[in-house]
Amino acid sequence: MGLSWIAFKALHGHGLHPLWSTVVVYAGALLALLLWRPASVRSLLGHPHLLALMAAAGLTNVGFNWAVTVGDVVRVTLLFYLMPVWSIGLAWWLLGERPTPAALARLGLALAGLVLVLHRPGGAWPLPSGAADFLALLGGFCFALTNALLRRWRDTPRDARVLAMFAGGLAMSGALVLAGLAGGAPPALSVSWLPWALALTLAFLGGNLALQYGAARLPAQVTALIMLAEVVIAAVSAVLLGAATPTAWTWAGGVLIVSAAVLSIRPGRRPG
């Protein structure tokens, strides 16, 4: 969501590592989902292949949440939304969809945007620099993988897929916490950060339910364009609130990346 970065940075300011924030948010969301749809557990257990979807969705959230907390919001969001770059190869590998000349042209457009976004004044090569860049790219790749797996397994029960995605957010962030990447003990409960965590949990739940409702009723290209609005919302809000200082190179690269994403939307296709 385009404004989630505000809550994650606020939680970080209160001492919560992004991994702990993700654990707290997804634990609450998962609990609410299980209370609402307890039968979804049996549905998920009946489709063990959805563990791959769980891992991909979980790493998507870990990568984005961590990157947007510690990095420049505009830069992170643009790197995350490099969907055309990853989607072409994943669709070929997982879905048997060979890239068309138009798809390769979109790939070139997105890669040109990537070069501009990664450009650093005085730097010799446009390469990722810092943890936020790598985390954003990882999250974006896993986002593309999540979408490809959702298309591949679109005939599985919707409840099982939704539960897998929420459980993945908790499982992947929890595993990294246990690996010691969050830097220590869990945060003490505090009224300073609990309201932010609750608001973010409710926002994630509401956003996911709204997406499930809208995606089932709107043409796929409309849904995709609405999701791309997150880039604009994140960029404008970050600049206005001083959480990003994008350069002209970043804006130019962003235009190319978003253009490639818009051109990749195929009219007439229904969501899976």
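Take the contacts in the protein (heavy atoms within 4.5 Å) between residues at least 6 apart in sequence: 86% of them join residues at least 24 apart. This is a predicted model, with residues numbered from 1 along each chain as its sequence is written. Local features need pLDDT of at least 70, side-chain atom pairs count only at pLDDT 80 or more, totals for chains, interfaces and linings use all residues, and side-chain values use heavy atoms, leaving out hydrogens and water.

## Fold and overall shape

The secondary structure comes to twelve helices and zero strands.

Along the principal axes, the C-alpha trace spans about 45 × 40 × 30 Å.

## Surface and charge

Of the 272 residues, 45% count as buried, meaning under 20% relative accessible area with a 1.4 Å probe and protein chains only; exposed is over 50%, and partly exposed lies in between. The accessible surface comes to about 13100 Å², with 72% of it belonging to carbon and sulfur atoms. These areas come from the Shrake-Rupley method with a 1.4 Å probe.

As for charges, there are 16 positive and 6 negative ones, and their mean positions are 6 Å apart. Lys and Arg count as positive, Asp and Glu as negative, while His and the chain ends are not counted. Each charge is placed at NZ of Lys, CZ of Arg, CG of Asp or CD of Glu.

Helix α1 covers residues 4–13, and its buried residues are Ser4, Trp5, Ala7, Phe8, Ala10 and Leu11. After α1 comes glycine 15, with a positive phi near 100 degrees.

Over in helix α12 (residues 248–263) sits valine 258, partly exposed because its relative accessibility is 25%. Setting aside neighbours within four places in sequence, valine 258 is in contact with Leu78 and Val231.

Mean pLDDT, the predictor's confidence in each residue from 0 to 100, is 86, and 90% of residues reach 70 or more. Over residues 268–272 the pLDDT is below 50, though this stretch has 16 contacts in the model beyond near neighbours in sequence. Where pLDDT is low, the predicted coordinates should not be read in detail.

Note on methods
Helix = DSSP H or I, 4+ residues; strand = E, 2+ residues; numbered from the N terminus.
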